[in-house]
Amino acid sequence: RVPKGDISWVSLQVLAWGLRGLRGAVREPRLELQWEDQTLWTPVIKDFTSNPNFPTTTFLLTLALPEEEQLVPPIRLRVWDRGNRELGVLVGQGCVRALDRYRRRTPSLEQHPRQEQPPGPGDTGTGSYTVVSMIGTAHPCPDMEEEEEEEVDWWSKFYMALEDKGEIQWGTNKDRLKIYGCELEAVPEFQGLQDFCQTFPLHKLGGPPVPGQDPEPVGEFKGLFCIYPLPEEPGVPPPPKHFQQLPPSKPQDCLVRVYIVRAFDLSPRDVTGLSDPYVRVSLGKRTLGQRDQFVPNTLEPVFGRMFEVKATIPLEKDLKVTLLDRDRLPPDQEIGSTSIDLENRLLSSHRAHCGLPTLHHIAGPAAWRDQLCPSRTLELVAVTRGLPPPEFSPDGSAVTFNHRTFLLGHFESGSPTFRHPGPPRERLALHVLNLCPFVPEHLETRPLYRSAQPGLEQGKLQMWVDIFPANLGPPGPPVNIDPRKAEGYELRCVVWNVRDTDLGDTNLLGQRMSDIYVTGWLDGLLEQRQHTDIHYRSLDGHGAFNWRFLFPFEFLVAEKLCVISRREHIWSLDKTVLKVPPKLILQVWDNDKFKADDLLGVLELDLTKLPHPGLTPRLCKAMPWEPPSIRWPWCRTPALTPSPINLFRVRRVRGWWPCTVQEDGAQRLSGKLELSLELLTAKEAEERPVGKGREEPNKYPMLPAP
């Protein structure tokens with residue numbers, strides 16, 4: 001029966017999973033849950049050091065709750081340690097408020113969070129299906145080439161994800177990596193990874209805490225609550241039990257792989273305004289990471305390191321990753337740290353222990369690394385959610401799951417174009433799994449904090465964690481995230497001619513003239529600055545040089561950046577690594593004898609985004625950042641703007657580029673340079689040596705004296 005007024009009888013179902021991190025010599029703890037005058041006691045944990053979970057985990061209470069949330073009393077939590085006393089010792093206490101978030105409005109249709117119906121193709125009513133497209137699925141594209149794609153490593157996926165910025169790429173058949181700008185627990189669709197059980201802090205006993213400070217924590221209670229309204233009509237059965245299909249409560253031996261990719265926006269710890277950061281990983285009593293593996297003089301280190309450690313979860317569940325600044329004399333200063341609850345990831349129904357890739361490879365850099373194949377994982381999902389097992393066709397091209405039929409042709413068009421594809425059955429099962437709300441192959445960005453300055457962020461760390469329970473068998477090979485090494489290149493720039501430059505001097509006859517020469521260097525490598533000979537007494541702004549510049553440099557292809565390693569000061573012990581765009585800087589000067597040379601024009605060319613040159617000086621009119629438009633005389637359509645030239649792809653280009661000077665706050669055309677640019681790898685440059693200027697060996701091409 002329901003009492004009169006705004007009070008209703010409800011069923012409070014309690015999942016008491018266990019206690020974590022209790023301080024002191026706790027031997028046999030138990031939990032007391034109190035709501036007004038009703039009290040629930042859990043069984044005693046006999047051996048807390050070997051298994052901190054309760055032997056019985058589900059309980060039931062009948063409560064009379066007010067309808068208004070403000071009037072609902074909280075649930076009081078108390079942890080008692082029986083020890084040698086009959087009554088026990090009160091270890092810690094906590095409070096659970098806002099019980100309205102645990103209400104279930106429709107018990108007849110409500111399911112356990114681990115039994116949510118996965119999304120799938122929507123029925124159109126005619127027996128056909130509309131496939132829900134996900135990142136990484138292969139959709140047919142009219143322009144898609146049928147040739148096999150080049151095999152890529154993990155860093156290729158990383159930089160591709162940075163360029164995609166999380167957007168879905170249609171018509172792709174490539175591995176995809178999801179980069180989250182926050183920690184995985186903060187992603188809304190993953191419910192804080194506390195969909196199975198939540199963490200309730202337990203605090204120390206005593207008076208109220210100091211204003212502005214939180215109570216001193218003494219441990220955690222792992223559990224969850226579910227509130228169902230009891231039926232008003234007599235004879236109606238009570239609501240079903242919510243906590244079913246629970247995993248084993250015994251501790252699990254696991255292999256944990258921690259991948260540390262990079263950090264950025266770090267707070268400096270050295271007087272130079274930089275740091276020498278290195279990584280330290282702690283789990284239980286094990287600590288990994290060496291101080292000699294530091295990245296010198298940077299606030300944006302790229303680590304590319306994997307740490308592998310064995311742990312027993314939940315006895316060793318809190319993973320701590322710390323960045324420290326290496327000093328010449330220890331102790332090293334802490335930059336910041338972050339902690340991860342591995343138990344939540346292992347128990348979450350979002351399958352957070354190992355991210356799902358978009359494509360199934362059986363070998364190569366992206367080989368399947370989970371312990372269970374996709375088809376076996378799909379079978380376990382069906383068992384966990386109380387669904388019929390999936391039924392595959394003999395050839396693996398179709399599967400019936402959750403009363404829906406999925407066809408491999410909905411996800412792939414023809415034979416797979418990526419390397420090392422798995423069998424059709426596994427590829428189809430993986431596509432179906434990617435339609436479920438599972439954690440994809442990802443990279444999470446975690447803020448770093450330090451205890452000396454709580455609440456003040458010290459930087460961000462990008463990483464991910466894989467957890468492999470030992471009872472499921474050996475895992476696949478780890479992902480190789482070793483930082484890419486820069487490749488050696490040589491840029492050969494031939495300055496042929498100069499046209500229409502400004503005339504900076506006046507000769508004895510009163511004629512305007514210039515003594516023209518050209519200098520050039522790569523941005524960030526000013527010490528490689530080179531210059532041509534001088535074209536004396538040019539009366540029309542024209543000059544001929546036939547002069548070759550040689551610029552060796554180190555380049556990261558994926559990042560499209562040059563790597564420069566140098567010592568900032570004479571007393572610096574470690575080199576500072578800088579990454580700058582590959583930009584060629586050319587300047588046209590007027591040589592003077594008794595005063596400083598006059599700058600006649602500047603040309604800056606990004607080797608990855610070269611503007612199209614003019615074929616003749618007359619066609620060289622557009623600014624270098626505005627590629628010349630193409631308009632055919634017989635065509636009435638708008639002018640076409642060609643895409644920039646990537647010299648790392650075309651390798652060779654020749655033409656006329658404009659020089660400019662800054663005048664009255666605007667750029668003014670001040671001359672034109674005829675150049676030929678050729679890019680060679682270090683090996684190719686060694687096989688085809690040439691000299692600077694017109695020195696020997698003078699070939700590729702041979703430069704005659706003008």
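Predicted model: local features only at pLDDT ≥ 70, side-chain atom pairs only at ≥ 80, totals over all residues.
Two strands count as paired if DSSP finds at least two bridges between them.

**View 1. Strands β21 and β22 pair antiparallel.** Strand β21 covers residues 442-447 and strand β22 covers residues 460-469. The two run antiparallel and are joined by four bridges. P447 sits opposite K460 of β22.

**View 2. A five-stranded open sheet contains this pair.** The strand order is β9-β21-β22-β12-β15. Pairing in this sheet is mixed. The edges are β9 (178-179) and β15 (302-313). Each edge strand has a single partner, so one side of each lacks a neighbour in the sheet.

**View 3. Helix α1 lies across the five strands β9, β12, β15, β21 and β22.** The helix spans residues 154-164. Strand β12 spans residues 252-264. Helix α1 runs at about 55° to β12.

**View 4. A four-stranded open sheet is antiparallel.** Its order is β14-β13-β16-β17, with antiparallel pairing. The edge strands are β14 (286-288) and β17 (333-341), and each pairs on one side only. From one strand to the next, the twist averages 20°.

**View 5. Strands β16 and β17 pair over eight bridges.** Strand β16 takes in residues 318-325. The pair runs in the antiparallel sense. K320 has S339 of β17 as its bridge partner. Strands of a sheet pair through backbone hydrogen bonds, in either a parallel or an antiparallel manner.

**View 6. Helix α3 has buried residues on one side.** The helix covers residues 374-384. P374, S375, T377, L378, V381 and A382 are buried in α3. These residues span an arc of only 160° around the axis, which puts them on the same side of α3. Their cover includes β18 (391-392), β19 (398-401) and α4 (424-433). After α3 comes G386, whose phi is positive, near 70°.

**View 7. The whole protein gives the setting for the close-ups.** The protein has 706 residues, and 47% of them count as buried. Its secondary structure comes to six helices and 34 strands. Take the contacts between residues at least 6 apart in sequence: 68% join residues at least 24 apart. The accessible surface comes to about 35700 Å². Carbon and sulfur atoms account for 53% of that surface.

Conventions: Residues numbered from 1 in each chain as written. Heavy atoms only, no water. Contact = heavy atoms within 4.5 Å. Axes fitted to C-alpha atoms, helices over the stretch in contact; angles between N-to-C directions. Buried < 20%, exposed > 50% of the residue type's maximum accessible area, 1.4 Å probe, protein only. Areas by Shrake-Rupley, 256 points an atom, 1.4 Å probe, with all protein chains shown as cover. Arc of directions from axis to C-beta.
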